[in-house]
Amino acid sequence: MEDLDRDFLSDLPQSIIETILTKLPIRDAVRTSILSNRWRYKWASMTHLVFDDRSATQFNDRMVVEDRIVNFITRFLFLHDGPIHKFSLSSSFLQSSPDIDQWLLFISRKDVKELILELGEGEWFRAPSCVFSCKNLMRLELVRCELDPPPNFKGFLCLKYLNLQQVLIPPDDIECLISSCPLLESLTLSYFDSLELTVRAPNLKYLILEGEFKDLCLANTPLLIAISVAMYMTDDIAEHFEQSSSCNFDKFLGGVPELERLIGHIYFTKLIVNSPNLKALQISGSSNTSAATQAPDLQFWDEKFSTDCMLRQLKTVKLTDVSGVPHEMKFIKFLLEHSPSLEEMSITPSLYVTEGRLNMLIDLVCFRRASPQASIVFIHEPA
């Protein structure tokens, strides 16, 4: 009977209680106050706070939902006691408001290490200056925000992860922001328009770029091991990007000696010549066959490369939207001849290529392979 009367919940170690609370939606974490006296105010010392719309979606009136979310977060923070290491706010109902500014001012004084903001699709949220006073930030994710670093901003000296999506920020400021984060390891920039970008990040390992980039330069990124580049442009513009005299493409290609994984467009494939540690490659081809046939670098893959260009660690290659034009086929030939550890190469032809698929297959079978175990998977999708 003694065991039956025992309050096992109250006897749980503090670390277990905190773990349980962080796994719950934050409204449910507050409701644990009814479990026992010991649990009554445990939620008020939670260090990881994640707020979203789930607690108010049962209401149809948008204004009611917004009011409930604002009131709940305001009361929660008012009663909170202790540091806040993570603050995440993701809401389609909230937009710019003085309440959010006050929350962030409060958070900035709580030793916050992770800050994640993703607000509604109306008016963009302008991040207050107090965000830049969060000196201990290690992770910063902003979606649909305006950023304007103050003149006295010296950088986030502890930041390791930066993710900016649909963020309005002056071009010079984005470069300064990146270079003023000396420990930065992961950088994601999405939905930027006509951006000219020079990346200086000596500890950067992971780079994801998505949008319209006029110029790219990796000036100081010796530790990069993974790059994903999705550029929204026609083939004509992409060729202009590569050949433009204003584009520091040689620096972009030569700044990643430790690269292990590359995802991008066919126009970035010269990068692999300087990437002996490459293990995985995913490339999309030229959907515009006329432009690809007239590409100005057709002879590049005809060059005699030294044994230093062997891709000894490359194991998997995925090629999509392949048209079978000369420089694509020469690139494939180069990969097969210079990848002694290759295990599988999958090739998906472009939907616009119908009559040339058989010729493509014949060429692939004839290409010499440096790896005896390499298999070629030709993925035939009906046009």
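A salt bridge is defined here as a side-chain nitrogen of Lys or Arg within 4 Å of a carboxyl oxygen of Asp or Glu. The structure is a predicted model, in which local features need pLDDT of at least 70 and side-chain atom pairs count only at pLDDT 80 or more, whereas totals for chains, interfaces and linings use all residues. Residues are numbered from 1 along each chain as its sequence is written, and side-chain values use heavy atoms, with hydrogens and water left out.

Side chains of opposite charge can pair when their charged atoms come close. The structure holds seven salt bridges. In one of them, E343 pairs with K315, with 3.9 Å between the closest N and O atoms. E343 lies in the loop between α10 and β13 (344-349) and K315 in the loop between α9 (289-293) and β12 (316-322), so this pair ties together parts 28 residues apart in sequence. Helices (H or I, at least four residues) and strands (E, at least two) are DSSP runs, numbered from the N terminus. E343 is partly exposed, at 41% relative accessible area, and K315 is partly exposed at 37%; buried means under 20%, exposed over 50% and partly exposed in between (1.4 Å probe, protein chains only). Salt bridges with shared partners also join R126, E146 and D148 into one network.

A further salt bridge links E141 and R139 at 2.7 Å, N to O. Here E141 is buried, at 17%, while R139 is partly exposed, at 26%.

Helix α10 comprises residues 326-337. Nine of its 12 residues are buried, so the helix is largely enclosed by the rest of the structure; among them are H327, M329 and F331.

Definitions and conventions
Expected span 1.5 Å × (residues − 1).
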